Amino acid sequence: MAPTLNGQYHWVSKFAPPSAQRILSFMTGWRCVLGWQVNIASGGYLVAVQILGIMILNDPSYVFERWHGTFLIIVAAAVAISFNTFFAKRLPLVEGLMLFIHVCGFFAILIPLWVLAPKKKLARLVFTEFQINGGWPSLGLSCLIEITGLVYSLTGPNSAMHMYIRDASPVLPLGMMRTVLLMPSVEPGWDVLLNAISVSFVLTCLLSFMNIGGSVVFNASFSLTVAAFLSSYITYNFYIILKRWRGKALRNPSVELGR
């Protein structure tokens with residue numbers, strides 16, 4: 001319908017009422033930036049929690065301190081950013097390897113659980129019995145809060161929408177040249193924006209210190225990531241539906257997905 005490299009804020013600018021296009025597009029774009037930035041810290045937090053969990057499981061004498069988690073968040077972010085900066089050309093190989101490990105790990109965990117799980121009354125146990133282990137006052141509230149982690153895992157596929165460029169032959173070279181002029185820290189042969197990457201890393205380190213004050217505060221980063229992304233999706237979907245409801249024509253699609 002309106003393929004674009006830019007994403008949500010471009011669609012809001014295209015489908016929102018003319019009087020509100022600029023402000024709504026501006027707000028949507030910054031919500032996306034907020035979601036992307038907090039998502040870096042959230043990803044580092046997931047890595048830190050998994051490492052700490054393995055340490056606690058295998059070493060009963062280990063004494064957990066909150067600054068350990070903060071340190072691991074910074075290390076995880078540093079490793080990811082360093083790899084994407086200095087070894088960006090190796091990413092396809094590493095991504096393929098990680099995909100292989102991920103698929104093998106999925107079956108390595110699923111099969112033992114399937115075989116060793118109790119067989120009697122398993123369906124009733126899974127689909128009809130519910131427990132509130134988080135201390136929340138009601139099952140509904142517990143469900144709404146805990147589902148945030150599941151929704152968070154679905155925020156990554158949105159990157160696929162940025163892969164299409166209309167009239168790529170003139171647009172892409174111009175975009176690359178303008179980026180080089182605006183961001184002079186793009187080193188030859190690196191193909192990365194050091195200024196942007198450095199700012200993201202510093203912000204991630206600052207966000208990680210919230211974990212020292214309490215894990216509840218830092219866990220809010222997952223909610224912030226989900227809220228920022230989903231609110232940007234909701235905005236442009238609302239105006240697309242509104243146009244449809246009012247019978248206004250949308251631009252002819254250059255990509256047809258069928259009926």
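Biologist: Which residues does Q37 touch, not counting residues up to four places away in sequence?

Modeller: This is a predicted model, and Q37 is found in helix α2. With residues up to four places away in sequence left out, Q37 touches S200, L203 and T204.

Biologist: Which backbone oxygen lies 3.2 Å from a polar atom of the side chain of Q37?

Modeller: S200 is among the residues that Q37 touches. A polar atom of the Q37 side chain is 3.2 Å from a backbone oxygen, and that oxygen belongs to S200.

Biologist: Is Q37 buried or exposed?

Modeller: The relative accessibility of Q37 is 12%. Buried means under 20%, so Q37 counts as buried.

Biologist: How many Å apart in space are Q37 and V199, C-alpha to C-alpha?

Modeller: In sequence, 162 residues separate Q37 and V199. In space, C-alpha to C-alpha, the separation is 9.7 Å.

Biologist: Which residues does S208 touch, not counting residues up to four places away in sequence?

Modeller: S208 lies in helix α8, residues 194–208. Its relative accessibility is 0%, so S208 counts as buried. Apart from residues up to four places away in sequence, S208 touches T70, I73, I74 and F218.

Biologist: With which residues is N211 in contact, leaving aside neighbours within four places in sequence?

Modeller: N211 lies in helix α9, residues 210–213. N211 counts as buried because its relative accessibility is 4%. Beyond its neighbours within four places in sequence, N211 is in contact with Y45, R66, G69, T70, I73 and F218.

Biologist: Which residue has its backbone nitrogen within 3.3 Å of a side-chain oxygen of S138?

Modeller: This pair sits at the start of α6. The side-chain oxygen comes from S138, and the backbone nitrogen within 3.3 Å is that of L141.

Biologist: What covers the buried residues of α6?

Modeller: The buried residues of α6 are S142, T148 and Y152. What covers them includes α2 (21–58) and α10 (215–245).

Biologist: How many disulfides does a search of the whole structure find?

Modeller: A disulfide is a covalent bond between the sulfur atoms of two cysteines. C104 counts as partly exposed because its relative accessibility is 38%. C143 also counts as partly exposed, because its value is 47%. For disulfides, the search of the whole structure gives 0.

Biologist: What percentage of residues 34–57 is helix?

Modeller: The unreviewed UniProt entry lists residues 34–57 under "transmembrane region", along with 69–87, 99–117, 192–210 and 216–242. The end C-alpha atoms of residues 34–57 lie 34 Å apart. The span is 0% strand, and its helix content is 100%.

Biologist: How far apart are the end C-alpha atoms of residues 99–117?

Modeller: Residues 99–117 are another span in that UniProt list. The span is 95% helix and 0% strand, and its end C-alpha atoms are separated by 27 Å.

Biologist: Among contacts between residues at least 6 apart in sequence, what percentage join residues at least 24 apart?

Modeller: The chain has 10 helices and 0 strands. Of its 259 residues, 24% are buried. Among contacts between residues at least 6 apart in sequence, the share that join residues at least 24 apart is 69%.

Key:
Residues numbered from 1 in each chain as written. Predicted model: local features only at pLDDT ≥ 70, side-chain atom pairs only at ≥ 80, totals over all residues. Heavy atoms only, no water. Buried < 20%, exposed > 50% of the residue type's maximum accessible area, 1.4 Å probe, protein only. Helix = DSSP H or I, 4+ residues; strand = E, 2+ residues; numbered from the N terminus. Contact = heavy atoms within 4.5 Å. Polar contact = N/O pair within 3.5 Å; in protein donor to acceptor, adjacent residues only side chain to side chain. UniProt positions renumbered as here; feature names shortened; annotations may be inferred. Disulfide = S-S within 2.5 Å.
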